[in-house]
Amino acid sequence: MKIGIDIDDTVANTDEKIIEEALKYDKEYVKGRGFKDKNAYTFMEKFYWNVMDVDGFMNVIRKGKFFSEINPISDAVSYVNKLYEEGNDIYFITRRSNNLKTKMMTKKWLKKNGFKFHKLVMGGEDKATMCKDIGIDIFIDNDEKNVRKVGNLGIKSILRGTIYTSEVKDLTRFDLWEEIYNEIKKVK
């Protein structure tokens with residue numbers, strides 16, 4: 001079985017660290033007004049930022065060591081590796097830029113944290129098409145839109161729960177990797 005797995009906030013604890021960095025960026029480079037809506041999902045909803053502020057922040061993040069300093073989500077490594085060892089093909093499918101530096105940093109992070117996988121697919125603006133082209137059987141992501149789009153193609157999709165998706169009730173949604181693993185075992 002081919003399993004597609006997003007990285008940020010699916011196996012990497014990105015949100016907490018990126019908000020910390022965004023607050024620093026807001027104070028140093030933008031208006032310094034802090035949160036507009038702390039619980040919003042996008043940076044423009046969360047801060048008093050425009051598109052150029054978001055682009056500037058993402059460029060700073062990509063150029064630094066941000067992606068190498070994130071911690072994995074509790075028990076994600078053990079359950080992803082269990083799926084790998086059971087003979088599943090593991091594809092990490094991420095929206096992260098497909099430039100050489102980001103790709104090398106991401107691969108290094110995955111290996112440093114002990115993730116076993118077959119392929120890293122980057123630049124995933126349209127994860128639904130990517131999953132279809134690769135032949136993914138099960139897809140896991142923390143982004144509700146991605147899960148819906150991939151699911152609409154007939155691919156079993158699981159929403160990894162976050163604070164931003166706690167109200168979503170009509171999708172297969174789990175917060176813990178043990179629950180995700182058990183759901184995948186049911187599908188097999």
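**Close-up 1. Arg62 in helix H3 of the predicted model.** Arg62 is partly exposed, with a relative accessible area of 29%, where buried means under 20%, exposed over 50% and partly exposed in between, for a 1.4 Å probe and protein chains only. This residue is found in helix H3, helices being DSSP runs of H or I with at least four residues and strands runs of E with at least two, numbered from the N terminus. Leaving aside neighbours within four places in sequence, Arg62 is in contact (heavy atoms within 4.5 Å) with Phe67, Ser97, Lys101 and Met105. From C-alpha to C-alpha, Arg62 and Arg173 are 29 Å apart in space and 111 residues apart in sequence. This is a predicted model, in which local features need pLDDT of at least 70 and side-chain atom pairs count only at pLDDT 80 or more, while totals for chains, interfaces and linings use all residues. Residues are numbered from 1 along each chain as its sequence is written, and side-chain values use heavy atoms, with hydrogens and water left out.

**Close-up 2. Asp137 in the loop between helix H6 and strand E4.** Asp137 is found in the loop that lies between helix H6 (127-134) and E4, and its relative accessibility of 37% makes it partly exposed. Apart from neighbours within four places in sequence, the residues in contact with Asp137 are Met1, Lys2, Ile155 and Lys156. Asn98 is 39 residues from Asp137 in sequence, and the two are 23 Å apart in space, C-alpha to C-alpha.

Close-up 3. Six strands, in the order E3-E2-E1-E4-E5-E6, form an open sheet with parallel pairing, two strands being paired if DSSP finds at least two bridges between them. Strand E3 (119-121) and strand E6 (173-174) are the edge strands, each pairing on one side only. Strand E2 (residues 89-93) runs parallel to E3 and is joined to it by three bridges; Tyr91 has Lys119 as its bridge partner in E3. Helix H8 (residues 177-187) packs on the sheet, where it touches strand E1 (2-5), strand E4 (138-141), strand E5 (156-160) and E6. The direction of H8 makes about 170° with that of E5, with axes fitted to C-alpha atoms, for helices over the stretch in contact, and angles running from 0 to 180 degrees between N-to-C directions.
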